[in-house]
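Dear colleague,

I am passing on the structure that we spoke about, with some notes on what turned up in it. Please look through it alongside the text below.

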Amino acid sequence: MGKVILEVKDLTTKYITRFKEDVYAVDHVSLKVEEGKSLGIAGESGCGKSTLALSLMGYYFPPLYYTSGDIIIDGKHISGMDPDEVRKTILGKEIAYIPQAAMNALNPTQKIINFVEDVVRAHNPSATKKDIYDMARQRFEFLGLPANVLDKYAVELSGGMKQRTVIAISVILGPKVLIADEPSSALDVTSQKMVIKMLRDLMDKGIIKAMIFITHELPLLYNVTNDIMVMYAGQIVERGSAKEAVFDPLHPYAKGLMGSIIVPEEGLRNVKLTAIPGVPPNLKHPPAGCRFAERCKFAKPECRVISVQIKEAGPGRTYRCIFSESELREAYKNG
Amino acid sequence: MAEKRKLCLSAKGLTKVFGFGKTRTVAVDNVDFSFYEGEVISIVGESGSGKTTLSKMLLGLINETEGEIFFLGQKRDIRSQRNKQEYWKNIQAIFQDPFSSYNIFNKIDSVLLDCIKMRGGGNLPKEKKIEMMREACSFVNLKFDELTNKYPFELSGGQMQRLMIARIFLLKPKILLADEPTSMIDACSRATILDMLMELRKEIGMTVIFITHDIGLAYYVSDSVYIMEHGKFVESGTPDEVILHPKQPYTKRLINDVPKIYEEWDLSTVG
Ligand SMILES: Nc1ncnc2c1ncn2[C@@H]1O[C@H](COP(=O)(O)OP(=O)(O)OP(=O)(O)O)[C@@H](O)[C@H]1O
Ligand SMILES: Nc1ncnc2c1ncn2[C@@H]1O[C@H](COP(=O)(O)OP(=O)(O)OP(=O)(O)O)[C@@H](O)[C@H]1O
Ligand SMILES: [Mg+2]
Ligand SMILES: [Mg+2]
């Protein structure tokens, strides 16, 4: 087993709404990412993927609050750290985060090099313009981006180029972990592939040591990350290798999710998609038992009362369901 | 799609040019097509290839620079406001960003009521209208009673998409044009929405035009696929022809760029 770069133990965080209601968007989540490995996070809209990303960076600003659990980045405990301190010392240096839709949030009146300066100066206020420019140029070229991008405005770049620029800036300080939240969902297939190639290059060229990739596109995760974790209503319901998670999922929700993949490959035109009926529970009042029970076609009455713990199913493989592995496989065989 | 296919929407030499001089862009470049009644058509192409511009012309939201559009075999004439309103009873759209399609000052009940009015049901008794709205909501798995008095922005993205389909259910247009209807939602909700659309299409016999980057979706749902490059249709045919056995280099590249799970996905081709 490799060195653990990122470890999260039993992390619970919540939003407190304007009406003083608690929304438990990350509920007892544990995960580890080893050096050289990438983890994909999948799950329905609103299941807590982006909140998990913010939470595991220690980025707690209202209405998001830390409740309990540990976060350890390369041996350093950051849970309980002051969020302003996190912003200064962790963000960009230990962990870099590319938020959802970041590429459309670039200030249109600034050149790309100005963003690079902002990022570098946040950590090293005395860096000179020339040093930053040289460093940026080198890094951009190393990642296959033309250096003249630095002198352009965001609006002058195509969607794909803009997104790759955002990624290159995010990793300019050489963070250990990169978290990319839906970095390619808004792009066409060709630009998307370039983004994916770049993310893989960041790992291969050792610019980052570990990566978390969040997307609802399972075929993408399958092609990018070593492991895949599926979230449902704030909890992890399945974790395994990309192959296991896609081709042999255990949790009924993960199974349903995999059944909704459409890929343009021979013979897949006539498969029936498994749309999962119903909607996820409200996270203000999550149900007592299994959170998926209400939508699960295999649920038994006790599923709605017993709160299910994560179970091991082989090395690095876990799932959250009262049924055993063999019971689940049997159930899937019978449809 | 047997013996006598009836023309639904077709065009000859359709062209749209934006700007002039240095900024001149030919967004749609001399395209011809014939879409038939009840067909599901996908128009696939890279960003900027002209898909949205084409769909806006089909919807009559922008004027064509050149060429002609035919509706049910007749040359379309929507110059007068009255003809335009009449045309819009027949063609409806779902957009990528569901939030952009609602008037923020209108409550959900009135969004649905407007649909009933548009179909000439304005004078129906109130109970009948409520029954129709309830039926439309239950078709898309929404609870009408929980929606009344709410504004569209109080809904989640997924609920919003479903509300759009409920509108279509009430409007029963001949043609539905869906511009990237599922790009913002997860695979699972996408499957639900596709199911609903396909069900609805069967029920009211609509022609559905999908505009999309999503080649998996195009392969899965369509009867015919059109590939768009720089404003031109470079290849068209059945999904098996176009997507599994593409002939044009552009199509080949697009297909190659889709992440695969049963075959090897070749990343080395990235330029
Ligand atoms: N500022 C907030 N205040 C209260 N609740 C919030 C807030 N932001 C998010 N939530 C809730 O927290 C839950 C998780 O949201 P989150 O954005 O993490 O989901 P996600 O999995 O990233 O979804 P998506 O795929 O749509 O990006 C949702 O139920 C959401 O409604
Ligand atoms: N109102 C406009 N004025 C000037 N140029 C425009 C206008 N609308 C579109 N264009 C140009 O026309 C071309 C086609 O754009 P269009 O939006 O139709 O592409 P698209 O295929 O829908 O792209 P995407 O997949 O990104 O939505 C682009 O070069 C675009 O910049
Ligand atoms: Mg998110
Ligand atoms: Mg478009």
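A polar side-chain atom of A:K49 lies 2.7 Å from an oxygen atom of ligand 1, and a polar side-chain atom of A:Q100 is likewise 2.7 Å from an oxygen atom of ligand 1, while for A:G48 a polar backbone atom is 3.0 Å from an oxygen atom of this ligand. The protein covers 67% of the 640 Å² of accessible area (Shrake-Rupley method, 1.4 Å probe) that ligand 1 has on its own.

Please bear in mind that this is a predicted model, in which local features need pLDDT of at least 70 and side-chain atom pairs count only at pLDDT 80 or more, whereas totals for chains, interfaces and linings use all residues. Residues are numbered from 1 along each chain as its sequence is written, chains are lettered from A and ligands numbered from 1 in the order in which they are written, and side-chain values use heavy atoms, with hydrogens and water left out.

Around ligand 1 there are 13 residues (a heavy atom within 4 Å), and A:S45, A:K49, A:S50, A:T51 and A:Q100 are the closest.

Turning to the interface, the contact (heavy atoms within 4.5 Å) takes 38 residues from chain A and 42 residues from chain B. The rule finds one salt bridge across the interface of chain B and chain A, in which B:D257 pairs with A:K193, the closest N and O atoms being 3.3 Å apart; the term asks for a side-chain nitrogen of Lys or Arg within 4 Å of a carboxyl oxygen of Asp or Glu.

Note on methods:
A polar contact is a pair of N or O atoms within 3.5 Å; within protein, one must be able to donate a hydrogen and the other to accept it, and residues adjacent in sequence count only if both atoms are side-chain atoms.
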